[in-house]
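Open the model in your viewer and keep the sequence panel at hand. Could you follow along and select each residue as we come to it?

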Amino acid sequence: MASARQAALEVLNRVFEHDSYSNIELNHVLKRASLSPPDKRLTTELVYGTIQRLNTLDWHIQKFVNRPLKKLDSWVLQLLRMSFYQIIFLERIPNHAVVHEAVELAKEKGNKGIASFFNGVLRTVTRHKEKLILDGIEDEVKWISLKVSHPEWLVRKWIKRFGREETIKMCEINNNPPPIILRVNTLKTTREELIDLLNGEGIRAVPSQLSRDGVRILSHLSPGELDIFRKGWATIQDESSMLVADAVNPRPGDQVLDACSAPGGKATHLAQRMGDKGEILAVDIHPHKESLIRENGDRLGIHIIHTMVADSTRLGELMPHDHYDRVLLDAPCSGLGVLRRKPEIKWKKTAKDTEELIHIQRNLLKAIAPLVKKGETLVYSTCTIDKNENEEQIAWFLEEHPDYERDETLIHDLPKPVSPYVKGGCVQILPHYFGSDGFFISRVVKR
């Protein structure tokens with residue numbers, strides 16, 4: 001693959017034609033493309049920027065194209081979106097370069113006629129950039145939706161829950177690139193040694209403010225290619241996600257169940273906290289993901305994780321009751337807290353999509369509740385900020401399971417910066433609080 005724009009167009013086509021995730025498609029294309037590091041960064045920028053700004057781009061494109069956008073071939077629409085994104089949002093790229101690259105790609109994928117179409121549309125846009133404004137929109141939700149590029153249903157829902165200003169802040173940060181965060185493997189080194197090593201190699205790295213095991217990388221790089229990653233001194237995990245290990249707070253020698261474990265990031269973190277002593281059963285329903293858990297554990301030098309492929313909604317029938325000291329349910333969810341990493345989620349989800357998830361989450365909670373020993377804890381977490389999947393699920397669980405109660409001591413096990421957001425044994429982190437993923441964690445204790 002010769003250019004960043006070719007690579008980006010291929011990723012965009014696959015995301016929208018095959019309903020796949022951008023991070024997976026991007027990694028796949030970048031691995032086989034012979035691109036320089038700057039071109040890889042441009043490809044990443046074009047893919048995420050275009051998907052993040054989708055409705056805003058379409059609104060502007062429709063001003064310059066006579067046909068309804070849904071009647072265009074998919075690749076034509078993706079190339080228009082990618083080109084408009086560069087013209088509107090990337091000041092460092094000259095307009096003539098955007099037009100030239102789009103016309104060449106159109107010749108390659110279509111014919112001279114479609115290349116002339118791109119040449120005409122994009123040259124008109126660059127001559128009339130004064131039209132690229134949000135005007136004539138009286139409905140405030142629609143205006144915010146286009147201004148910060150999120151679907152109207154989501155903006156309306158978040159304004160109702162968080163208020164107008166919080167919603168705008170959250171949407172704005174969702175359009176920024178996610179931070180690069182490493183989790184130090186404390187079984188092999190310390191955070192201070194890891195930071196010194198990275199700084200010594202010219203990589204800017206600082207301690208995370210959210211987790212004692214977190215390292216925030218301030219340089220542009222692909223952390224999976226670092227030598228420390230291959231040696232198992234660190235792994236990739238967001239800061240909010242690391243708070244789960246604080247909430248579970250396992251002790252060396254504990255029996256721990258991780259009910260929805262793949263790819264094993266949280267299980268390996270728990271093993272670190274246990275000093276690799278005790279036992280963790282990592283369960284996942286997907287057979288092809290079981291190997292990911294084992295590979296992660298092997299790379300990090302962890303020996304106490306055992307894997308099992310099973311439907312966790314049946315664990316109550318398959319396992320002895322009152323057996324585990326700690327149970328973690330990192331439940332499947334709508335993912336509305338990780339829109340920076342998977343921006344396509346906001347365009348694919350609908351208001352009704354959470355209903356099926358809520359049913360699955362409740363079945364999982366029902367199945368694992370009997371497995372916890374009396375006096376021990378169950379931690380429920382999601383990477384969403386949806387109240388129905390978080391606070392209301394815990395309220396439902398406690399009503400259905402009177403042998404459980406909220407663990408108000410959770411606040412003592414979480415880092416101090418998080419304390420203002422802990423309430424009733426639960427914590428909800430929004431993306432703009434710390435620049436991390438949005439995350440929900442709740443801890444309940446069995447009487």
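Predicted model: local features only at pLDDT ≥ 70, side-chain atom pairs only at ≥ 80, totals over all residues.

**Stop 1: a helix residue.** Start by selecting I114, which sits in helix α7, residues 112–127. Is I114 buried or exposed? Its relative accessibility is 16%, so I114 counts as buried, the cut-off for buried being under 20%. Now show what surrounds the residue: setting aside neighbours within four places in sequence, I114 is in contact with W75, V76 and A106.

**Stop 2: a cis peptide bond.** Move on to P263, in the loop that runs between β5 (255–258) and α14 (265–273). Display the backbone here and look at the link between A262 and P263: this peptide bond is cis, with omega at about 5°.

Stop 3: What is the phi of D276? It is positive, about 60°, although D276 is not a glycine. D276 counts as buried because its relative accessibility is 18%, and buried means under 20%.

**Stop 4: another positive phi.** Finish at D322, which you will find in the loop between α16 (315–318) and β8 (324–330). Phi is positive here too, at about 55°, and D322 is not a glycine. With a relative accessibility of 39%, D322 counts as partly exposed, since that class lies between 20% and 50%.

Key:
Residues numbered from 1 in each chain as written. Heavy atoms only, no water. Helix = DSSP H or I, 4+ residues; strand = E, 2+ residues; numbered from the N terminus. Buried < 20%, exposed > 50% of the residue type's maximum accessible area, 1.4 Å probe, protein only. Contact = heavy atoms within 4.5 Å.
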